[in-house]
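Open the model in your viewer and follow the stops below. Each one says what to select and what is there.

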Amino acid sequence: MNRPDKRATRILIVDDHPVIQAGLISMLATHPEVKVMGSAYSGEEALARMDEDMPDIVLLDLRMPGITGIDVLNAMHEKKASARAIVLTSFETDENIYRAIQAGAQGYLLKDTTQGEMLQAIAAVQAGRKHITGQVAARLAERMMRSSLSARELEILSMLAKGLTNKQVGNALAISENTVRNHVNSIFEKLEVADRTEAVTVAIQQGIIQVES
Amino acid sequence: MGVRSKTRRLILIVLAVCFLAGLGTAGTLLYLHSSTRGLPYHDSFAMGKADEWRAFGGTWAVYEGGMRNDSDERGAKLMAGSAYWTNYVLEADIKLLGEDGDAGLVIRARDAEEGVDSYSGYYAGLRTRDNQLTLGLADHGWQEYEDKPIPHGVQAFQWYHLKLLAYGCDVVASATFPLQGGQTTTAVVQDRDCLKAGGIGLRSYSSGGVWRNVRVHAATAADLQTMLTGQSTREITTNQPFWNGTSIFGSGSLPSHVHPEPALAEAAVQPISSLRMVTSSRPVIATVRGVVALSSPALYVQDSTGGVGVVAESIPPLKVGDEVLVTGQVKVRDYSASLVHARVELLWTRTPVAPISVTAGQAATGSFAATFVEVEGIFTGASQTAQGTPVLNLAAGQQAFRALVENSRGGVLARKLRRGSQLRLRGVCVVDPAETHNLTPFVLLLPSADDVEVVAGPPWWNTRHAVISGFVVLLLAFVGHLIYSTVEKWRLKAVADERELLAHEMHDTLAQSFAGLGFQLQAIRNRIPINMPVVQEQLELACDLVRHSHVEARRQITMLRAESIESAGLGAPLESCARHMLEGGDVKVEALEEGDPRSMPLRIKDTLFRIGQEALANAVRHASPSRIRILACYSDRSVSLTIEDDGCGFEQRSDGKGFGVRGMQRRAATIGAIMAIATSPGQGTRVVVTAPLPRHGTLNIWTTLLWKRLRSRSIYE
């Protein structure tokens, strides 16, 4: 298995649970094709270590105190980090999976995943492919079908981003204000936000709409 | 800063309002307690008004510009004025209506009740028995201070001018008899522990009397001096001729007042009831003897057989209870007779006749025409005659009747009575169409406003109160329901929050530890040399066990997460719950709902959801089905939930243990639901839970039902 000509994949483990960290380090240490460069307990620490350790792959937990996994993914995307991320999480909601993939995660694994699948995923992502574990993939597909925004909703969302009121949107689209309100509520629901500002922010973050400069 | 100044302004406003309110209250109190409020006072008996007076016994009524008390009652009083008047003069013209009694004025009166000396105040009166002016203090007992003989005696049916002054602790009374030289008699008392303040009163003791020109004005020390020196002699002014009865009745002492019974009349006297039998077309003259039942507004006389109305050109001053001889022309109407062009002679005074207690039905027959009766009835409203006399409309059963009250105090009475009150009225029953106007079978002529007695107030349960109570009950029910549902919602919310917290905790500790442990075991297993197959195998098993536990913990966390409360029905949350458990496997899940889930109480919904979760978890874990069906049926009376799978089923154990069945049954029991499991190996499993809904329902259900009923009716009509 061990090929001395190929450099071992450098890995950064990001998880706030010491049990997980310790377990992962122990397990991955037994495999020469991967090399654990270090571990971080929080999102902030992870971002700091990324520059230092230059990992190829980041094994990232989503739920952490402070900066969440999604935030880390967004930050990585922003500073065009060379590392690729595999989300390694315990049970998460559909929305989290969806948002993690939207934020640029290359892989998605559950923590009860087998050792074999984990190594397979690391290899795949290192090779530039995606790896999303079976159960998650099915739910992700469903989530994408269920609540992606409709064309009309996208249209309205982009108008909201320009700062139009419901009434103005209604006038522009020649529909009643009530209908606009219904659409807006459905947008809030799908984006899981509480108000229009947040809706626009999330929509921009997730790349659903582009800001015209 | 802004908030503080706003608060300060608010406090200032509140203080200002409090100050103004206090000032207003103090001003009102000062005004009410003022010793000169309403002074000077002059009666309005001439206009037939006496609203400000309150009677304590007697039959007080305004008649010909004077306040008249016909009754022989001992210590009948009529009170008025402010309890805070201190120094003032009360004066009035007084006429006694009988011998052997006294009549006079009261000042500084308080705490009046019915009874001889049941008041506190100073009384000055003219007494016929010993021809004296008497002055004394009544304080729920009588203490006579001064008796001064009046020169020419005290005569009945004569006007006297009486003046009573209180200044400090000096009380002075003076009586003037204007006819014979206008001599003034003065009685003076200096009372050390005097009564300080009080209102005014008219009072008679067994003689009855008439009072007029009642005046009050504030007194000064000069007034006191004037009265003490006896210089105050005032001519009595009246535009009414004095009744020159002295020549007829004699004067002064008791025997002389009684007219000698004419011997001639005795033979011709006939019983009053016989007057009705007169049928002759030519005028019949009859003479009757009887007691005066009513002297104003019309004269009614009755004997033991019945009563008769009397119309005469001139009538001597009579009072109720006088025995009279009446000769006149008989006039017979439908049910009653009257004597017209009559000559009335006063024989002697007697006690008034007691009223005969009859029902309204009996009075309506006419048998008691012109008789003094007592009738009970329910007050239905007040009106007025064309002359402005207050009329009380009454009903007793099906029988309606009316009562005419004398004008002066009847108006107040008519305003004060509440509709629906039960009244007992004493008056002369009149069936003559001239008085009844054929509106009611009879009318009662009441001698005074005091002949109306309220037996019982109106019944509390009238339409208005019923409607108000209905509204209050509805409102209370609504508020109660609101509070109940809010509390219930809070409780469930708290439970859901607790569950969420628990799920969070489990996720953070248990699940993570299982995962870490799994990795650690895997690491150990990786390092075990290949030549130790037994250890490897055992570690493999341990890894599997940990993974299995991890999966189980995740399922528990899913189940703990609250999802049921937000949605209306059970189908959607259970379906999503099933999908979570299956995690994208190729098992078909279908959810169906029948009926309207809105009427389901939260508690029942939550419990059913938990049972459904458990059943789904069992199906996913043990049955390996290819299809799962969720069916929720809502009706007005019950909710039933069915979870069905086509998996391997299981052998039902007799004790009902295993597969969480016991937990499900315990949950079902808390809401009184019945749970049935149909399964056998290879046949799939069906769990049916049926929960009864509370029968009383909620306000929502009531309104829904009402709406449905109304709509269905309007469709069919």
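Two strands pair if DSSP finds at least two bridges between them. Helices (H or I, at least four residues) and strands (E, at least two) are DSSP runs, numbered from the N terminus. This is a predicted model: local features need pLDDT of at least 70, side-chain atom pairs count only at pLDDT 80 or more, and totals for chains, interfaces and linings use all residues. Residues are numbered from 1 along each chain as its sequence is written, and chains are lettered from A and ligands numbered from 1 in the order in which they are written.

**Stop 1: strands of chain B**

Select β30(B), residues 638-645. Eight antiparallel bridges join β30(B) to β32(B), residues 685-692. Find B:L641; opposite stands B:V689 in β32(B). B:R629 faces B:E644 of β30(B).

**Stop 2**

Select α9(B), residues 463-527, and α12(B), residues 602-623. Their axes are 10 Å apart, at an angle of about 25° (axes are lines fitted to C-alpha atoms, for helices over the stretch in contact, and angles run from 0 to 180 degrees between N-to-C directions). Angles under 35 degrees count as roughly parallel, so α9(B) is roughly parallel to α12(B). Show B:E488, B:K489 and B:L492 of α9(B); they meet B:L602, B:R603 and B:D606 of α12(B). Residues are in contact if their C-beta atoms, placed from the backbone, lie within 7 Å.

**Stop 3: chain A against chain B**

The contact takes 19 residues from chain A and 21 residues from chain B. On the chain B side, α9(B) gives the largest share, 14 residues.

Technical notes:
Two residues are in contact if their C-beta atoms, placed from the backbone, lie within 7 Å. Angles under 35 degrees count as roughly parallel, over 145 as roughly antiparallel, 65 to 115 as roughly perpendicular and the rest as oblique.
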